[in-house]
Amino acid sequence: MATTTPTHSAAKGRAPRGAAPARRRPRGLGGSRGRTLNFWLFTGPFLIGLIVFVYVPIGWSLWLSLHNAQGTVTPTEFVGLGNYADMLGDGDFVDSLVNFTIFAAIIVPITYALSLTLALLVHRIRFMKAFFRSVFFLPTACSFVVASLVWKMSLFNGLRYGMMNTVLGWFGIDSVAWLASPHPPWYWLVICSARLWLQCGFYMILFLAALQNIPRELYEAAAVDGAKSGWQTFRHITLPQLRATSVAVVLLLLIAAYQAFDEFYNILDEGRATWGRPPLVDLYLQALGANQDYGHASAGALILALLIALVTLAQGRFLGFGRGDEK
Amino acid sequence: MSNISRGRDWDRRGVLRAMGGVAALGGLAACGSNTGRSGGGGKSIKQMYHAYGEQGTQQAAKKFADAYGKAKVTIEWVPGEYESKLATTLLGSGAPDVFEYHPDLQLVRSRQIVPLDDIIADVKDDFLPEDITANSVDGKIYGIRMIDDPQFFFYRKSLFEKAGVKPPATFDELIDAAHKLTSGKVKGLYIGQNLKTISKPLVWSTGPHYLDADHRIAYHTDNLVETLTKARELYKSKSLLLGAPTEVWDPASFLQGLCAIQWCGIWAIPAIQKAFGDDFGIFPFPKSGAEGRQVVYNGGWSTYVSAKAKDVDAAKEFVKWLWIDQKKYQQEWALDYGFHIPARKSIAAGADKLKSGVAAEAVELFNTHGVFDDPYWTEGMFNILLDAVVNSVRDNKNPEAELDSADKKIERALKKLG
């Protein structure tokens, strides 16, 4: 390519090693200006959306978090870091972070294990593979709100005619008001089972794709070397080969746990059950409920964003997420 | 690969990746917000109602709106958590011009509603003084009462007779009645799952209102601590209906025979009468402790004009037309779709449906034991105290400590609102 522009040098530099001399590709818009135009043409709408719908609100939240913004989104009374101090000293918000930690500690490993198990089963099955793949994936298409209401009003209805209570009744066990009180904490069973049903199928598909990418030769070589099929092969071949997918799944699960809102809000009395409020429900009640306290809620949202960033960075550091391509 | 090209490559990717990352964080932290109100012209008015449960109410609201000749009135009918949706909507571009709500100091201090003294002045004496006071802040009237909805306990007379129980006059008697009336598949008492509705009469039955005349905390008494402790014991017993799919505003649990006593309101009388004939009665929330009092919560709805209305005067004119001039519509709204007490004395006086049977008893309870909302007690303060009640009763936490914690937050809120 006879050109001296750095852009073209870059294009040349990215050509695969050992490849034949690149053929000149026809281009609608030639030269660096054309490439620049293409770049902005494709990224422009995304960037505009990003700025308008994400960066402006984040900036606005930062501004609100430094003001007394009760009942207004255009406050005038500057309070410095007071809202941040209030939120960190507020038992409810700190409790909600603890709730999230408990929720994540339960839901992440269980979803991971269940998705992987489903993927292994569907991967090995010899008949109706497409059917089972679809059946397990289908719940992903269901709304969290709809599923929450079905769980609350039908499956785990506290009355005697709720499905679970009907089953318990067959064995002569009294009805259980699953969501009435946190003692015993039956609400975790309701919330976690709803979430597992909703998201296991999605992560199963991710694992399934990864399983299909493991070369058969590895298993054949292991068999020749005397490895037994089953746990030994799974432990030493399948699991290491799934490392990149596993790291991504754990990261996605953690983020999804941080995002938990719909099922907690809908299953636990529109956020009125004080013991099961994840951070977003607490912030929702602060800002978007009748309280209208956008200052404190924005401070809480930014603390939460910072926490997510720290957790993501720490996870990247320990598990090596994103480094796979460079090795 | 030259250093220059590598550097440029990573710059561009790096920037996009970083932006995407921050974007994801932003989404995760739910920092989004609606950013103001676009202007609009013409005589159009947007009116917001919560979704009334009675059949025909939505059509009636639309009929009233269509009948107004001076502007095009559109109705927004909001199911679910009305208070939260309204609070959020009031700040955005979809804010209603006219809406129904409860008296709340927060709306006044945030300058979200306008005074309506000029349109109510001529008929002020036709409203109950308590309804006027409940809608007044700093001497100005901000809301016009549409309907009064007293709330009390409904009970099955036949079940009471069978168990040898009389309508309880004290909280201890109520707990005792709940135990005695529980048998087989019928629970003695239903006070709701989230305690949102029952928390008001529960607190007021101990004696004081939330705040005293000087707008200082009055609810926190030893009697309330003791009452919450008793309520916890009741909650733990097998005598309370728990896990019902609808809250106490809906008489479904009572109608399905799941409980012998249920907290509900005057609006449910027609449905209950239809199901049980004369086999039901009502009684107020019994008094708790020596300093306590019997309580009927005088709920209801008032109408307000948004300070951000496209044309505040046009919105006020519509409110005057519907809720002051159109007595026929006001009567229809109160009496034709479930029972409510008309806010206007002159209409209530002619409400024949409320002059006999249980409905007449309800009006009597409203007049003798009725407690009205305090506009200086905001929805935010209510939620703080509700959390303390929920923690004490449902979560077995120490009521004294919970009330102490609520006191601090509420005092901060009171100070902020002035």
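Modeller: Gly289(A) sits in the loop that joins α13 (279-287) to α14 (294-319) of chain A; helices are DSSP runs of H or I with at least four residues and strands are runs of E with at least two, numbered from the N terminus. This is a predicted model, in which local features need pLDDT of at least 70 and side-chain atom pairs count only at pLDDT 80 or more, while totals for chains, interfaces and linings use all residues. Residues are numbered from 1 along each chain as its sequence is written, chains are lettered from A and ligands numbered from 1 in the order in which they are written, and side-chain values use heavy atoms, leaving out hydrogens and water.

Apart from neighbours within four places in sequence, Gly289(A) is in contact with Tyr284(A) and, from chain B, with Ser84(B) and Ala87(B); contact means heavy atoms within 4.5 Å. From Gly289(A) to Leu81(A) is 208 residues in sequence and 23 Å in space, C-alpha to C-alpha.

Elsewhere in chain A, Glu263(A) belongs to helix α12 (residues 262-267). Glu263(A) is also buried, at a relative accessible area of 2%. Residues up to four places away aside, Glu263(A) touches Phe103(A), Phe144(A), Ser148(A), Ile191(A), Arg195(A) and Leu268(A).

Helix α6 (residues 144-155) and helix α8 (residues 186-212) of chain A pack at about 135°, their axes 10 Å apart; axes are lines fitted to C-alpha atoms over the stretch in contact, and angles run from 0 to 180 degrees between N-to-C directions. α6(A) and α8(A) are therefore oblique to each other, since under 35 degrees is roughly parallel, over 145 roughly antiparallel, 65 to 115 roughly perpendicular and the rest oblique. Phe144(A), Ala147(A) and Trp151(A) of α6(A) meet Val190(A), Ser193(A), Ala194(A), Arg195(A), Trp197(A) and Leu198(A) of α8(A).

As for chain B, which supplies two of the contacts of Gly289(A), its secondary structure comes to 18 helices and 12 strands. Of its 418 residues, 56% are buried. Among contacts in chain B between residues at least 6 apart in sequence, 75% join residues at least 24 apart.

Note on methods
Buried < 20%, exposed > 50% of the residue type's maximum accessible area, 1.4 Å probe, protein only.
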